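These are my notebook entries on what I looked up in this structure. I began with the ligand and then turned to the sheet.

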Amino acid sequence: MISSKTSFIGLIGNPISHSLSPIMQNAALEFLGLDLIYIAIPCKKEDLNLVINSLKKINCKGLNITIPYKEKVFELCDEISPIARKLKAINTLKLDSNNKWSATNTDVEGFIYPLKSIHINKKHAMVLGSGGAARSVIQGLINLNFKKITIISRNQKSLNLLTNNFDNSNVIQGYLYGDSQVTSLIKETDLIVNATPVGMSVTDNEEMPYGNNFWKPLTPNTIIYDLIYNPSPTKLLKFCSNKGCLTIDGMQMLIAQGIKSLAFWTDGLEVPFEVMDNALKKYMKSK
Ligand code: NAP
């Protein structure tokens, strides 16, 4: 029951009306029996500083930060974890005992979660896109000891920035998507991760990243991990599943990063994966 003592955790972004985080986080907070609710707080760019600073003064215990503010909130935080600094992105804030924002990033742990239980032979991966999510994906692949990580992008500038962000230059290589070597790279890779928004319901969900021809060399031995969770499956995952590939959608990452954020806000409380998963399945079925 919401009472006059209830406090809240907020999600700051723009747009956020499509977010599934309130569904899964409120189910988790109820499961834990905490007097806390989770609400989406749409915020315009020009209001970001005012909103984040004002939330310190009311009953807010923590925040999730999403697109387009994961980099912009750095200057508003007092303590920032090494992983958030490395990724140059923050997705979780909590108020410390001195009423200051302490920040971290849980996307890497979220990304790794579904891969932990899968055997991957050569540990060669290909990452599509060179934006914020690709950064977390690459860090996750490094943590999982991948031997070769190929980034395919349409954007030379962000590709250079991304490859230079990691010290592992012998492991990471970047290519533009039209490069002649891409065909042979697709044939020999164990895992392809789509970290572009192509296929999302808010973009053109009838598209495949880099177009249909890009996917012709794909063999059934490759695992395809699409970070997109809505729609599920995406056109890409349907195509790859029909080819015989093992496919993973973005839902497990969403839930796993959410579990880690909740643990950060509550000083270590963990909720079973199924609690958030069941809440999301029920919600999706009702839509
Ligand atoms: P971002 O920072 O905007 O980066 C997107 C990347 O995709 C950029 O490299 C961009 O290239 C590229 N791109 C955009 N449109 C493209 C197109 N039509 N063809 C080829 N490349 C294109 O976004 P992000 O934060 O990395 O997010 C990427 C995706 O991951 C989104 O769909 C997001 O929802 C998903 N995601 C899921 C989770 C989860 O928990 N499951 C977590 C984080 C992100 P340009 O720079 O040239 O535009």
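Before the first entry I noted how helices and strands are named: they are DSSP runs, helices being H or I with at least four residues and strands E with at least two, numbered from the N terminus. The model is predicted, with local features needing pLDDT of at least 70 and side-chain atom pairs counting only at pLDDT 80 or more, while totals for chains, interfaces and linings use all residues. Residues are numbered from 1 along each chain as its sequence is written, and side-chain values use heavy atoms, with hydrogens and water left out.

**Entry on the ligand.** I looked up which helices supply at least two residues each of the shell around the ligand, and found α5 (132-143) and α9 (251-265). A residue is near a molecule if one of its heavy atoms lies within 4 Å of it; of the 20 residues around the ligand, those that come nearest are Ser130, Ala133, Arg154, Leu227 and Gly250. I sorted the shell into 12 nonpolar residues, seven polar and one charged, where Ala, Val, Leu, Ile, Met, Phe, Trp, Tyr, Cys and Pro count as nonpolar, Asp, Glu, Lys and Arg as charged, and the others, Gly among them, as polar.

I then checked polar contacts, which here are pairs of N or O atoms within 3.5 Å. A backbone N or O atom of leucine 227 is 2.9 Å from a nitrogen atom of the ligand, and one of glycine 131 is 3.3 Å from a ligand oxygen atom. Taken alone, the ligand exposes 930 Å², of which the protein buries 75%; these areas come from the Shrake-Rupley method with a 1.4 Å probe.

**Entry on methionine 253.** Not counting residues up to four places away in sequence, methionine 253 touches Asp107, Gly110, Phe111, Tyr225 and Leu227, contact meaning heavy atoms within 4.5 Å.

**Entry on the sheet.** I traced an open sheet of six strands in the order β9-β8-β7-β10-β11-β12, with parallel pairing; two strands pair if DSSP finds at least two bridges between them. The edge strands, each pairing on one side only, are β9 (172-176) and β12 (247-248). On strand β11 (residues 223-226) both faces are covered, with Ile223 and Tyr225 buried on one side and Ile224 and Asp226 buried on the other.

Key: Polar contact = N/O pair within 3.5 Å; in protein donor to acceptor, adjacent residues only side chain to side chain. Buried < 20%, exposed > 50% of the residue type's maximum accessible area, 1.4 Å probe, protein only.
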